[in-house]
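Please look over the sequence and the model before reading further. The paragraphs below are meant to be read with both at hand.

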Amino acid sequence: MYIGDTLGSGERKTELFSCEKTFLEGVQLRRWHKTAILLVVNTIIIVFSNVFSYFFIGPLVGVSALFYFSAMILQIVLYLICAAMFHLLNRVTRFFGLKEIIKIGIAAFCTSISESALLLFVCRQVSFRHIFLANFLAMVGIIFVNIFWRMFVIYGNSKRKGNLSKNSTSISLNTHQKRVLIIGAGEAGFQLMQSFDHNTSGASLDIVGFIDDDPSKISTYISWKKVLGSMEQLNLLIKEYDIEQVIFAIPSLSYDKQRKMISMAMKTGVKVTTLPHIADIALGKLSVNSLKEVDVVDLLGREEVKLDMDGIYRQLRGKTVLVTGAGGSIGSEIVRQLLQFQPAKLLLLGHGEYSIYKINSEIRKKTQGMSIEIVPIIADIKDIKRIDEIMREYSPEIVYHAAAYKHVPLMEDNSVEAVNNNIYGTFNVAKLAKQCGVKNFVMISTDKAVNPTNVMGATKRIAEMMMMSFNEVGKTKFSAVRFGNVLGSRGSVIPLFKRQIAAGGPVTITDFRMTRFFMTIPEASRLVLQSGALSNGGEIFVLDMGEPVKIKDLAAEMIHMCGRELDEISIVETGIRPGEKLYEELFLENEKNSDQVYEKIFMTNIEQFELEEIQEFLNTLPSEKEKLAKAIVEYANK
């Protein structure tokens with residue numbers, strides 16, 4: 001076989017596929033066209049039902065021709081009225097199911113009762129046998145036509161999937177359908193299965209069956225697929241059926257149970273995906289493309305906090321919002337979380353060209369059809385003239401300041417840049433925000449700002465002090481949000497551990513005694529938005545990070561979750577790096593406050609700082625790197 005022959009064959013297949021697709025899908029009809037077709041089809045079925053009943057019952061009953069004609073016209077009018085009342089004329093036919101069958105039955109029953117009552121007043125002689133037979137036949141006919149159409153659509157989609165696979169095979173012999181198990185034989189699993197049946201997005205997947213821990217569901221069938229067993233049999237079923245992918249479809253399960261079950265699946269070594277969010281199920285947004293691949297990071301988080309959606313919505317809806325550091329791990333997630341609150345304009349400010357391009361492209365896709373203006377801005381927060389231009393041009397009302405250098409050892413070697421960016425850059429944005437009348441200013445801080453021993457932590461502590469000093473009653477409300485390490489950020493240990501595990505080890509840790517607070521990026525970002533909505537100005541909010549985690553234990557857990565054992569991949573100690581602490585803290589001694597202002601959000605005892613005093617200190621900073629680092633660490637610990 002020559003390449004030319006293969007391509008020619010592929011082109012012919014594509015042409016045939018295109019014709020078949022056109023035949024199956026037809027013209028893209030508008031809703032009123034489809035409603036008109038349903039009206040015509042239902043009318044024809046009722047006419048034929050009356051004709052059949054006339055020839056079957058007519059010879060047995062001596063009633064006038066006027067009765068039969070009046071009965072037919074009344075049945076048509078009354079059934080279409082009932083069908084409209086039960087929304088049977090504006091539904092999507094390919095999703096026809098038991099609910100629709102019941103509605104058609106009720107509509108036919110109501111029609112027959114109403115028809116009988118009205119005909120008693122119109123005709124002297126009435127045949128109730130004719131009325132009920134004609135309505136029964138019409139009901140059966142309408143149900144049959146709908147079932148036939150649904151099966152036709154499913155068959156057409158399966159043919160298209162087959163042709164998609166064949167066309168792909170003609171170009172790449174390596175393409176094949178992945179054998180898949182769905183965990184969860186409930187509503188979500190059923191809807192997921194239906195979504196594959198109703199569109200071509202499932203062409204790459206071969207659904208082998210379901211797994212469910214409910215004993216009453218085992219060996220039953222859902223959409224012609226069998227519930228093969230329970231989670232205890234997962235390993236066995238994966239080997240027996242050559243499973244390549246597992247889809248977790250129980251979004252209503254508690255977080256701890258989800259984590260346990262997904263962890264079991266991950267340890268089998270197959271690809272594990274899950275539904276993106278329970279809201280997508282309700283909206284019918286389930287497809288292969290909407291499935292989210294499970295990452296180790298997803299298993300290290302906690303139960304989601306329920307936000308005060310109304311409070312955040314009132315603060316953000318219709319506003320112009322500026323996010324600095326919008327291309328970073330936290331900044332980009334804040335941008336994603338902001339979309340649901342419908343700001344009028346979203347300013348994505350960052351210094352890195354590619355990171356802003358990336359988040360801008362992602363957000364533009366997500367906001368198609370939404371009235372949110374996305375503005376990507378390349379700017380350096382150290383450039384006060386450029387920041388002034390941005391503030392004056394766009395007049396943001398809310399600012400989330402996430403731009404900062406955060407890597408501890410790297411900032412030890414680059415203390416001048418750390419001071420310029422984290423202190424002077426923050427000063428520029430905060431000062432100009434206040435001058436331009438920004439309503440709320442929220443700065444992202446870190447637990448390393450508490451009793452700092454390194455340059456990065458010291459710069460963030462001084463930035464916190466500036467937030468407090470900028471705050472003034474009746475003007476911009478300044479606040480800071482302090483939290484620990486975020487799982488999966490570009491500078492965290494998680495991506496490093498994942499690369500080391502994938503490479504076969506060893507996993508390196510600076511000190512086996514080291515502990516850290518951890519939180520997922522989405523959780524941290526949601527709590528940042530909640531803190532901003534709670535702010536009255538002058539606060540440092542501290543996020544509840546849970547219990548500190550030993551880095552060594554985290555590494556061991558990740559190795560297990562990746563389906564490996566500690567005797568395969570070793571964990572080695574490399575020695576503590578400059579600026580690192582064995583443990584982190586969330587509160588200074590004089591800040592401690594045990595009262596939660598919201599779930600998982602604390603507020604420190606408010607301190608007052610003089611901006612002039614901070615500026616005076618900054619004006620006296622030495623230029624020599626070592627002296628500069630020592631000076632800011634000492635000042636931050638005052």
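Predicted model: local features only at pLDDT ≥ 70, side-chain atom pairs only at ≥ 80, totals over all residues.

Residues are numbered from 1 along each chain as its sequence is written, and side-chain values use heavy atoms, with hydrogens and water left out.

The protein chain holds 21 helices and 22 strands; helices (H or I, at least four residues) and strands (E, at least two) are DSSP runs, numbered from the N terminus. Of its 638 residues, 50% count as buried, a term that means under 20% relative accessible area, with exposed over 50% and partly exposed in between (1.4 Å probe, protein chains only). A contact means heavy atoms within 4.5 Å. Among contacts between residues at least 6 apart in sequence, 77% join residues at least 24 apart.

Helix α16 covers residues 455-470. The expected span of a helix is 1.5 Å times one less than its number of residues; for the 16 residues of α16 this gives 22 Å, and the end C-alpha atoms are 22 Å apart, which agrees. Of the 16 residues in α16, 16 are buried.

A nonpolar core is a set of buried Ala, Val, Leu, Ile, Met, Phe, Trp, Tyr and Cys residues joined through side-chain atoms within 4.5 Å. In the largest such core, of 94 residues, Tyr-400 and Phe-483 touch the most other members. Helix α16 supplies the largest share of this core, 10 residues. Another core, of 19 residues, lies apart from it and includes Ile-211 and Leu-237. Not counting residues up to four places away in sequence, Phe-483 touches several residues, among them Ile-330, Ile-444, Val-528 and Leu-543.

Strand β9 (residues 345-350) is also mostly covered, with 6 of its 6 residues buried. In a regular strand the side chains alternate between the two faces of the sheet. In β9, Lys-345, Leu-347 and Leu-349 lie on one side and Leu-346, Leu-348 and Gly-350 on the other, and all are buried. Two strands pair if DSSP finds at least two bridges between them. Strand β8 (residues 320-324) runs parallel to β9 and is joined to it by 5 bridges, with Leu-349 as the bridge partner of Thr-324. Strand β10 (residues 373-378) is also parallel to β9, through 6 bridges, and there Glu-373 stands opposite Lys-345.

Helices link these strands. A crossover is right-handed if, with the strands pointing away from the viewer, the path from the first strand over the helix to the second runs clockwise. One right-handed β-α-β unit consists of β8, helix α11 (residues 329-338) and β9; another consists of β9, helix α12 (residues 353-366) and β10.

Finally, Glu-539 lies in strand β18 (residues 539-543). Glu-539 has a relative accessible area of 4% and is therefore buried. A polar contact is a pair of N or O atoms within 3.5 Å; within protein, one must be able to donate a hydrogen and the other to accept it, and residues adjacent in sequence count only if both atoms are side-chain atoms. Such a contact, of 2.9 Å, joins the side chains of Glu-539 and Ser-535. A polar atom of the Glu-539 side chain also lies 3.0 Å from the backbone nitrogen of Gly-537. Leaving aside neighbours within four places in sequence, the contacts of Glu-539 include Met-468, Phe-478 and Ile-606.
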